[in-house]
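Please read this briefing alongside the sequence and the coordinates. The notes are grouped by topic and may be taken in any order.

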Amino acid sequence: MATVKLNRRAALLAAAATLAGGRAVAQSDTGGWPNRSVRVIVPYPAGGTADVAARLFFAAVSARLGQPFVIENRSGATGTIGAAAAVQAAPDGYTVLYDATGLSVTPALFQRLPYDPMRDLVPVFRALTVPQLVLVHPSSPAKDIAGLIRLAKETAQGLDTGSAGNGSMQHLVLERFARAAGVKLNHVPYRGGAPALNDLIARQIQLYFGNVNVSTTFVRDGALRALAHTGRGRLAALPELPPLSETLPGFETYEWNGVFLPKGTPQPIVDALSAALNAVVTDPVLAEKLRAADLEAGPNSPAEFTRFFRDQSTFWQGFVREAGIRLE
């Protein structure tokens with residue numbers, strides 16, 4: 001299982017956030033926020049990683065702040081429908097966006113996106129960072145990444161590689177891997193990761209980059225073979241698995257989730273929500289639930305998440321334009 005990373009600096013940050021949150025409410029800097037229910041838009045279907053994680057986080061936040069934080073799934077158009085709804089909401093703290101990696105990618109995928117994530121949203125908290133597993137069927141001759149690259153180069157027609165859909169993180173990672181390894185991969189888009197995993201198990205495709213929290217069970221059960229992961233170091237969930245960067249230096253990719261507010265939200269509300277999230281992420285009850293779902297999380301500030309989001313946006317939008325990936 002993945003571990004919740006808590007070091008001395010993180011613990012101090014969490015303690016400071018907790019104090020800041022209490023002080024903001026006591027001094028009424030937030031105008032009494034929250035004094036009614038808060039809508040949390042998740043722009044993806046129920047049951048996926050973002051939805052599951054959002055429910056875990058905001059159940060804990062609800063208990064801490066004494067008001068319901070209600071999850072609203074508004075999926076479609078690679079997450080842009082839900083994100084647009086959040087951008088258009090009143091900046092009063094009563095609409096929160098819980099989004100994922102796609103938010104940093106969509107400006108390069110769509111020519112006429114009705115919002116600019118960096119301009120129109122305020123990053124509050126990076127909730128999760130989830131690497132992918134490089135997955136093949138157990139019958140595959142590829143036993144490691146070097147073997148996978150050899151297999152791909154020996155397969156004239158290329159390896160059929162699934163993704164969770166056009167423009168998804170799995171699509172981007174396979175395109176990046178193909179370029180880094182100098183191999184041909186045939187993109188096979190699915191409507192979500194579950195059908196792609198099912199077809200890999202059924203040997204209808206030959207390769208898939210699956211999020212660790214979703215895919216680990218299949219690896220442990222022997223239904224799939226993991227060759228590497230796209231993070232750094234070793235995973236608590238699969239400690240024997242090497243990072244992909246050991247074979248392809250510098251190759252590191254993650255699916256991430258984060259919390260945003262509409263631009264113009266008063267800073268005391270931004271600070272109060274950040275404080276609440278930093279407090280609950282260190283709580284042993286939530287930490288155990290995250291570990292049980294093979295999810296990694298830890299304290300961070302709005303400034304840290306803003307830098308991370310900017311870096312992710314710069315990298316992936318540049319890659320998408322260079323690779324010529326478009327959805328319209």
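The model is predicted. Its largest pocket holds about 930 Å³ of space, and of the 36 residues that line this pocket, Tyr44, Pro45, Ala164, Gly192 and Gly193 are the closest to its centre. Strand S4 (residues 121–136) is mostly covered, with 14 of its 16 residues buried, and S4 is joined by antiparallel bridges to S9, to S7 and to S8.

**The largest pocket**

- Sorted by class, the lining of the largest pocket consists of 14 nonpolar, 20 polar and two charged residues.
- Several helices and strands each supply at least two residues of this lining, namely helix H2 (49–65), helix H7 (169–181), helix H8 (193–201), strand S7 (207–211), helix H9 (212–220) and strand S9 (254–262).

- The 13 residues of H7 should span 18 Å at 1.5 Å a residue, and the C-alpha atoms at its ends are 18 Å apart, so expectation and model agree.
- Glycine 182 follows H7 and has a positive phi, near 70°.
- For helix H10 (residues 267–281), the 15 residues should span 21 Å at 1.5 Å a residue, which agrees with the 21 Å that separates its end C-alpha atoms.
- H10 is likewise mostly covered, with 12 of its 15 residues buried, and among them are Ile269, Val270, Leu273, Leu277, Asn278, Val280 and Val281.

**Pairing of strand S4**

- Nine bridges join S4 to S9 in an antiparallel arrangement, and in this pairing proline 123 stands opposite phenylalanine 260 of S9.
- Four bridges join S4 to S7, and these two strands also run antiparallel; here valine 134 stands opposite phenylalanine 209 of S7.
- S4 pairs with strand S8 (residues 225–229) over four bridges, again in the antiparallel sense, and valine 136 stands opposite arginine 225 of S8.

**Strands S1 and S2**

- Strand S1 (residues 38–42) is largely enclosed by the rest of the structure, because four of its five residues are buried.
- S1 and S2 run parallel and are joined by five bridges, with phenylalanine 69 of S2 as the bridge partner of valine 38.

**Glycine 79**

- Glycine 79 lies in the loop between strand S2 (69–73) and helix H3 (80–88).
- Its relative accessibility is 5%, and glycine 79 therefore counts as buried, the cut-off for that class being under 20%.
- When residues up to four places away in sequence are not counted, glycine 79 touches Pro43, Tyr44 and Tyr115; of these contacts, Tyr44 is also listed among the residues closest to the centre of the largest pocket.
- Between glycine 79 and threonine 106 the C-alpha to C-alpha distance is 8.4 Å, although the two residues are 27 residues apart in sequence.

Conventions:
Residues are numbered from 1 along each chain as its sequence is written. This is a predicted model: local features need pLDDT of at least 70, side-chain atom pairs count only at pLDDT 80 or more; totals for chains, interfaces and linings use all residues. Side-chain values use heavy atoms; hydrogens and water are left out. On a 1 Å grid over the protein atoms alone, a cavity is a set of points where a 1.4 Å probe fits but cannot get out, and a pocket is an open set with protein on both sides within 12 Å along at least five of seven lines; lining residues have an atom within 4 Å of a point. Grid points are joined across faces, edges and corners, and a volume is the space filled by probe spheres set on the points. Ala, Val, Leu, Ile, Met, Phe, Trp, Tyr, Cys and Pro count as nonpolar, Asp, Glu, Lys and Arg as charged, and the others, Gly among them, as polar. The expected span of a helix is 1.5 Å times one less than its number of residues. Buried means under 20% relative accessible area, exposed over 50%, partly exposed in between (1.4 Å probe, protein chains only). Contact means heavy atoms within 4.5 Å. Two strands pair if DSSP finds at least two bridges between them.
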